Every structure is written in C-alpha cells, then in structure tokens.
Amino acid sequence: MLLLMGGFILLMILGIPVAVSMVMASLAYIAVYGVAPDVIVAQRMIAGVESFPLLAVPFFILAGNLMNIAGVTGRIYKFAVDLVGWMRGGLAQVNIIGSVIFSGMSGTAIADAAGIGTIEIKAMKEHGYPVEVAVGVTAASATLGPIIPPSLPFVIYGMMANVSIGSLFLAGILPGALMTLLMMATVAIFARMRGWGSDAPFALAKIGGAMIEVAVVFMFPAAVIGLEYAGMSQNGAIFSALGVVLLLDYIFKFSAVMALMTPVILIGGMVLGWFTPTEAAVAAVMWSLFLGLVRYRSMTMRSLAKATFDTIETTASVLFIVTAASIFAWLLTVSQAAQALSGLIFAITDNKWVFLILVNLLMLFVGCFLDTIAAITILVPILMPIVLKMGIDPVHFGLIMVLNLMIGLLHPPLGMVLFVLSRVAKLSVERTTMAILPWLAPLFVALLLITFIPDISLWLPRYMGMIK
C-alpha cells in the first residue's frame, strides 16, 4: 500500500496529471508485487466505465453547454435582476439566485462558473463592485451546481456506493436551499458593512412579473397531477400541461419561463417516475435543443458543433479519470487499505459524529489535491464499509462528501473553479484565492449543519418514500 499511495503522491508532486499518476502508480504496484496479470488493468479500467448511470455524464455536460449557447444564461440573469436586484448588494444577490437556477440545468460547478458566472462578474464590475467581490461571490455560488440537482458528482457517487441517484438528487434540494439562504445572508451583511446599495429600482411590476413566471412554472407539475387524477393518461396530462405553458409563454412573451422549466421537468420527472436519472439527462439535452433551435432561435449549427466537441473533450477527461481511479481503487481494496483504515478509525473512535468530523477534515484536505470524480471513485470503496458499520445513511454521507469536495474546488493547487474564475476575471491565482476566502464562511456553516443535522438531507427523500 505504501508503494501505491507513495508513488501516486510523488507523481502528483512532480506535476503529472491526476489520472496518469494513478495509472502509473497502479502499474508499478502490479509489477513489483505481481498481484494480478497485466490484462487485469485493462479489464478493471473498462469495468469502471461500463455502467448505465455513467451515460448521464455526457448528456448533462452537453445540456450545460447547450444552455450556455442558447442564450438561456442571459435570460436567467435578467429574471434574477427583476426578482432580487432591488436588494442591498443587488447584483451579488442576483449572482446567487442565477446560480441556483442554472444549477438545475448544468449539474457542474465549472459550467456554472464559466457560463452564467462570466455574465455576473462582468456586470458586477461595471456597477462598481471590486473585482475580488465579484469573483468571491461567483465562486461560492458556483458550488451550488453539484448540490442542487441534477448533479454529476451524485451520479458518480450513486454508482460507486450503490445508492439511488434519484434519492441523492432529492436529498440535495433542502441543503441547496440552506446554502442559498446562508449566502444571501452573507451578502446582506457585507452590503451593510461596506455600504452597498441596490443595483435596480424597486419596481412592483417587475417583481410581480417575475413571481408570475415562477407561478406559471409551478403550475406545470400541478396541472399534470390534476389531469392524471381526473383520469387522463400520463402522456396526455404531460403534453396538455406543457401545451398550456407554451401557449402562455407565446402570448405573454415571458423572459425566462422556458428556462425555469428545465429543473422542474428534470426533478419532477424523476420524482413522478416519468424517467430515470439517466433518461433525465437525455431529457435535459432535448429541452436545451428545443429552447435553442425552436423557442429562442439563438443556436446555429456552428455553435451546436462547438458545444458537441466541448462535451466530447470534457467527457473524455472525466471518464479517463473514472477508468484510472477504478483500477487504483481496486488495488487499494486488494492491498487491504480499507481494512487498515477501518481498524485505525475504530481504534480512535466508534462514535459516528467524531468519525464524521475526521472524514470532513480528510475530504477537505483531499479536495484541494484531487479532482472531484477521482476523489469519489477512490474514497467511496474505502469509506463506505465504515459508514455502514457506523450506522450512517449513505445518502446523507453522499451529501457530506460532495459538499466537502465542492469546497475543494475553490482551493489551490487543483481547484478547477479557482482557475476558471482566475481566467475569466483576469486575476492571478493568488488574488483569486484571497478573494474567495471570506465567502467560504457560509459554506463551512452549511457543511456543519448538513453534517450534524441529517434530516436536512434525508427529510425530503423519506417524505417521497425513496428511502426509509
């Protein structure tokens, strides 16, 4: 085990990419100890990606890319300005609300930061906010992407831990709402301390218009359930309710109703059993194409091709990490790493709350150095037996793990959101890091609450009957 972990860490220090480091350390371990024939490496790597739930990965990535080129981000931003732009620190609040909505479409923090985050930083700078403030609040709000469903890390975790992905998606809703409120409260505190004013006039007409759009969106699932209760077939109810929403959108020329429909269709569809999480990813792509090609007509064949190639590139990198991590995790299992760690932890404590504190510290550290997907693929097989022995719900643990790793995205040396925002804002990595530090406070408060109050994560999936 020392050769495997030591070799991996040494290669990382030398600047070798994470996935390549894992493969090289694994091959060295197999060559020295002869634990398996060389062909096992290829077999384990193929087995790592031979999974139906992983089909959701490229589709969610494609949906996020299509939303960016379809003009949806601009409409979401305008809707958020109408809704909360009149508050103190208006554009900072808009930043958070915009990220909440976009999170229901992309499923990744990086897509959030690079997509709507680009618009938000530019607007905040133009309204006189320091660039550090714009970068900080954008980074913090981008972590909502993988917590509020759909979520790519939840897909990977669900596959590795053999946990219902639908349950994980539902479990992320209340923690996402909690994080949103904490971030908005932080903005309000900073606004009062630094004298920030509003960035849009208080206009009841605009606020009312935004609330009407929200009401129209939530009318859709209510209408579907009502029509089904009245005896209409499920397909008939869905298409009838969708037809009404499309008609209202055409008549009143709503700015964001169709964009806001995306998370409702995805989450509502999974909860009501219309489709599985993997099928929901395909539905997200279909809806994105409808918005870009039919409703907004903002998508060209060239932009569609670019989104497709960007998706291929991102998917290839994600799945290569998964394949490399699968052989690395298998060797950790073969080398009895899980049993050794389990024995060490039970020697320290058998209290699950102390264990969760230790796990939080471990994953906050790991998140600074390992890619999110790689960290999940490596840590889940090692930690899950201990989690089950401690009596911790694996859905609750999934929320804790993903949130820790999302905070890791904001830290050097491997924080991808950090590098994306550094490039977008044209700041050095050092200045970007310092800009993010004050905005970690609400994230850590949320992490503590989610860790020690399991019902925040588990109440909704229990209420919907998806877990006991």
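Asn162 counts as exposed, because its relative accessibility is 74% in this predicted model. The residue sits in the loop that runs between H10 and helix H11 (165-171). With a relative accessibility of 70%, Arg297 counts as exposed.

Ser151 belongs to the loop between helix H9 (131-142) and helix H10 (152-161). Is Ser151 buried or exposed? Ser151 counts as buried, because its relative accessibility is 0%, and the cut-off for buried is under 20%. A polar atom of the Ser151 side chain lies 3.2 Å from the backbone nitrogen of Phe154.

Now for the chain as a whole. Its secondary structure comes to 25 helices and zero strands. The radius of gyration is 22 Å, close to the 23 Å given by the globule rule for 468 residues, so the chain is as compact as a globular protein of that length. Along the principal axes, the C-alpha trace spans about 70 × 55 × 50 Å. Of the 468 residues, 56% are buried. As for contacts with a separation of 6 or more, 78% of them are between residues 24 or more positions apart.

Helix H17 (residues 301-334) is a handy one to follow through the model, starting with its partner H4. Two packed helices are described by the angle between their axes and the distance between the axes. For helix H4 (residues 56-69) and H17, the axes come within 9 Å and cross at roughly 145°. H4 passes H17 in a right-handed crossing. On the H4 side, the residues that meet H17 are Val57, Pro58, Ile61, Leu62, Asn65, Leu66 and Ile69. Across from them, H17 brings in Ser303, Leu304, Ala307, Thr308, Asp310, Thr311, Thr314, Thr315 and Val318. Sorted by class, this contact of H4 with H17 has nine nonpolar, six polar and one charged residues.

H17 has another partner in helix H2 (residues 18-33). The axes of H2 and H17 come within 9 Å and cross at roughly 30°. This crossing of H2 and H17 is left-handed. From H2, the contact draws on Ala19, Val20, Met22, Val23, Ala25, Ser26, Tyr29 and Ile30. From H17, Phe320, Ile321, Ala324, Ala325, Ile327, Phe328 and Leu331 take part. How do the residues of the contact of H2 with H17 divide, and how many are nonpolar? There are 14 nonpolar residues, one polar and no charged.

Thr323 also belongs to helix H17. At 11% relative accessibility, this threonine counts as buried, since buried means under 20%. The Thr323 side chain reaches the backbone oxygen of Phe320 at 2.7 Å, and Phe320 is itself one of the H17 residues in the contact with H2. Leaving aside residues up to four places away in sequence, Thr323 touches Met45 and Val49.

A couple of other helix residues round out the tour. Gly7 lies in helix H1 (residues 2-13). Its relative accessibility is 22%, so Gly7 counts as partly exposed. Not counting residues up to four places away in sequence, Gly7 touches Leu2 and Ala25. Ala25 has come up already, among the H2 residues in the contact with H17. Gly7 can also be set against Thr349: the two are 342 residues apart in sequence, and their C-alpha atoms are 29 Å apart in space.

Tyr250 is found in helix H14 (residues 234-252). Because its relative accessibility is 59%, Tyr250 counts as exposed. Tyr250 and Arg295 are 45 residues apart in sequence, with 9.2 Å between them in space, C-alpha to C-alpha.

Note on methods: Residues numbered from 1 in each chain as written. Predicted model: local features only at pLDDT ≥ 70, side-chain atom pairs only at ≥ 80, totals over all residues. Heavy atoms only, no water. Helix = DSSP H or I, 4+ residues; strand = E, 2+ residues; numbered from the N terminus. Buried < 20%, exposed > 50% of the residue type's maximum accessible area, 1.4 Å probe, protein only. Polar contact = N/O pair within 3.5 Å; in protein donor to acceptor, adjacent residues only side chain to side chain. Axes fitted to C-alpha atoms, helices over the stretch in contact; angles between N-to-C directions. Left-handed = near helix turned anticlockwise from the far one by under 90°. Contact = heavy atoms within 4.5 Å. Nonpolar A, V, L, I, M, F, W, Y, C, P; charged D, E, K, R; others polar. Rg over C-alpha atoms; globule rule 2.2 N^0.38 Å.
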